[in-house]
Amino acid sequence: MSEVAVRGGPAAWRSMVGTGSEGAGQSWAEAGLDPRRALQLGLAAIWLLDGVLQYQPAMYTRAFGQMLAGTAAGNPSVVARPISWEASLFDHHVVALNTIFATIQLLLGLGIAIRPTVRLALAASVAWSLAVWWLGEGLGGVLIGGASPLNGAPGAVILYALLAVLLWPADRATRPRFPAARAVGAHVARALWLVLWLSLAYFAVTPANRAPGAVSGMISAMTDGEPHWLTGLMKGGASLVTGADLATSIVLAVALAVIAVGVYLPAPAARATLLLAIVVSLLIWVFAQALGGILAGGATDPNSGPLLVLLALAYWPARMAGQAGKKEIAP
Amino acid sequence: MTPAWLLDLLAVSMLTVAALTATRILARLLLPELPWRPGQGANSVDLANVLMGISMAGMFTPSLTTLPAVAWEVVFGLLTAWFAWRAWADTRSVRALTADRCTLHVVHSAAMLYAFLALSAASSGGGGMAGMGGGGPAAMPTLGHPTIAGAFVVLLVGYCVWDLNQLSGGRFRLAAAGGPAAAAVPAQAEAPGTESPRREPAVRTFVLAPQTRVGSDVILGIGMAFMLVIMI
C-alpha cells in the first residue's frame, strides 16, 4: 500500500539512544523492541498528551490561575510564597504563559520521541516536573495532609521526573534485571520503588483519608461532567465503599505495602506484585481519578494512573538470554 | 478560550502540509520517471492528507472553510471505508498491517469523520458549525461522545510518538526502486566502485521523500489530536 518501508534493527536503536550494545542492552534488544525505549515512548506519549491538554480553552481563563493559587493553601510559607507569586504572574499573563507551558510540554514529548534529543528532553523533563510539582501542584499536597493515592499523591508530575531518571539512556548495571535498573542500578531502583509505594500506603491511612466518607466522597466528587458510563461506574464504586471507608483505606494500604516490597521477591512473586500494582493503578485511575478527568474537559494531565502502570512495567523482571535455560532473574 | 492566533497558526500548518502533499501528487503525475499507478495506495494516502489538511484548516479557522460539513462527512466516510478495505485486504499478518501503515490512515480518516459527525450533531439546530475560532466562548463547539474523542486522541498521540521514533532512527526508506531513495538510504549501502546514482534536486528529494510523508502524518496527527482535545 505505501511506499514507506522500515529498515534498521535493534542495533541501530541502541546506537541512537545511547544504550550501548555491550552486555547490558543485548538481551533486551534481542526481543525486537528495547523495553526501555518502549517505556520512553510511553512517557513521550503522556507528555505529548499533557501538552495538547494544556492548550484547552479552560487553561486560558483566570480560573486556571486561581486553581494554581489554591495549591498554596496550607503549605509552609517557604513553599506557598513562590506559588502565590507564580499564580499572580499567571493571572496577569495567562495567554502568553499558558502557551509557553503547553509548548514546553509538547516539546518534551516530541524530544523524548525523537532519538537524538532523548537525553536533552529527559533532563529538561526532570527540571520541568520538579518546578511544576512545587509551583503547580503545591508539592502534591504531601505537606498538608491532603495527599491520597486516590487523588494522585504524591503528585502525578513528580512521577514524570522519577520515570525520566529511571529510563535515562545509560547502562550502569552490567546485568540489568529490569529496565529501571539499567540507569541507576538495581539497588537504587528498588529503593526508589519502595519509598514511593510505602509513601502511598502511608497516605492511604492518614486521618483525612480514613475518615468516614473520605473515600466515597473523593470518588463522588470526581463524577462531575464525566460521560454517563464512567459516572455510572464511579457511582457504583462509591456506593460499594460507602460506610466502609476505613476498611477500604486499610485494604488499599496493605495492597500498596505488598506492592512496595514486591520488587525484593523472587521473579514469579515479583511479577505477581507488579501485576497487582498495575491492577490497583488502573482501578484507582478509573474509579477515583475518572481517567484523569480528560473526558470532562479541563484536565491538565491524565493523573497518576498511567504513570504508575508505566513505572510497574519498568520493574518487570527480565528474561535474560544467553544463560543456561534462559533463567529468569528476580528484580 | 484558546487564542485565535494559535488556531490560525495551526490552520496555516495544516494548509502547508496540504500544499506540500499536493505538490507531491503533482510531481508524481508530471514526472515520467516516477511510476504512478491508478489505485496505488501511496497516492490515496497523499490525497487523504491533502483533504485532511484543508478540512482541518477550516475547522481551526472558519474563514478557511471550503465545503459544508456534510460533504466532508461523505469524503471521510469514503476514505475510512477505503483504508479499512485496504487494511482488510492486506491482513496477511499484523506485521503487514503495521508496516503498510494502513491502520494509521484508517484512524486518521475515522477521527475526521467522527469530528464532523459529532460537531454536526452538537450544532444541529444552531445553524451549522461555527468552527473553533467562531467568535467567543459561546460559539465554541463541543463534541458529543467524548469517550470516542479520547480514544482517538490516545491513538493519534501514540502513532505520532511511534512515527517520530522511527523517523529519527532513519528507519524509513523507499521500498520501490527509483525515486529519491538516496535520501533515506545510508551512504555505506553503496558498493565501492559502483556508479553513483543520479543526484536528485534537493527540493524534489524533499517533497518526494518518504520521511516527508511520515512527517506530514505526524503533523496532521498532532493537529487532529489538538482539534479533538480542545473540543471535548
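How are H15(A) and H16(A) oriented to each other, roughly parallel or roughly antiparallel? Point 4 takes this up.

1. Basis. This is a predicted model, in which local features need pLDDT of at least 70, side-chain atom pairs count only at pLDDT 80 or more, and totals for chains, interfaces and linings use all residues. Residues are numbered from 1 along each chain as its sequence is written, and chains are lettered from A and ligands numbered from 1 in the order in which they are written.

2. Confidence. pLDDT is the predictor's confidence in each residue, on a scale from 0 to 100. The average for chain A is 86, and 86% of its residues score at least 70. Residues 1-32 of chain A have a pLDDT below 50, with 82 contacts in the model beyond near neighbours in sequence. Residues 321-330 of chain A are also below 50, and that stretch has 20 such contacts. A contact here is a pair of residues whose C-beta atoms, placed from the backbone, lie within 7 Å. Where pLDDT is low, the predicted coordinates should not be read in detail.

3. Make-up of the chains. Chain A has 16 helices and one strand; chain B has eight helices and one strand, in the order α-α-α-α-α-α-β-α-α from the N terminus. These are DSSP runs numbered from the N terminus (helices H or I, at least four residues; strands E, at least two). Of the 331 residues in chain A, 50% are buried; for the 232 residues of chain B the figure is 46%. Buried means 20 or more other C-beta atoms within 10 Å of the residue's own, with C-beta atoms placed from the backbone.

4. H15(A) with H16(A). The axes of these helices come within 8 Å and cross at roughly 170°. Axes are lines fitted to C-alpha atoms, for helices over the stretch in contact, and angles run from 0 to 180 degrees between N-to-C directions. H15(A) and H16(A) are therefore roughly antiparallel to each other, a term for angles over 145 degrees, whereas roughly parallel applies under 35. Residues in the contact include A:Leu274 and A:Trp285 of H15(A), and A:Gly305 and A:Pro306 of H16(A). By class, the contact has 10 nonpolar residues, two polar and no charged. Nonpolar covers Ala, Val, Leu, Ile, Met, Phe, Trp, Tyr, Cys and Pro; charged covers Asp, Glu, Lys and Arg; the others, Gly among them, are polar.

5. H10(A) with H14(A). Helix H10 (residues 186-204) and helix H14 (residues 245-262) of chain A pack at about 170°, with their axes 8 Å apart. This pair is therefore roughly antiparallel. Among the contact residues are A:Trp197 of H10(A) and A:Ser249 of H14(A). The contact divides into 13 nonpolar residues, one polar and no charged.

6. A:Leu43. This residue lies in helix H3 (residues 35-54) of chain A. A:Leu43 counts as buried because it has 28 C-beta neighbours inside 10 Å. Leaving aside neighbours within four places in sequence, A:Leu43 is in contact with A:Ile112, A:Leu163, A:Leu167 and A:Leu310.

7. Core. The largest nonpolar core has 160 residues, a core being a set of buried Ala, Val, Leu, Ile, Met, Phe, Trp, Tyr and Cys residues joined through C-beta atoms within 7 Å. Those with the most contacts inside this core include A:Leu48, A:Leu163 and B:Leu228. Helix H5 (residues 102-123) of chain B supplies the largest share, 14 residues.

Definitions and conventions: Parallel < 35°, antiparallel > 145°, perpendicular 65-115°, else oblique. Contact = placed C-beta atoms within 7 Å. Buried ≥ 20, exposed ≤ 12 C-beta atoms within 10 Å, placed from the backbone.
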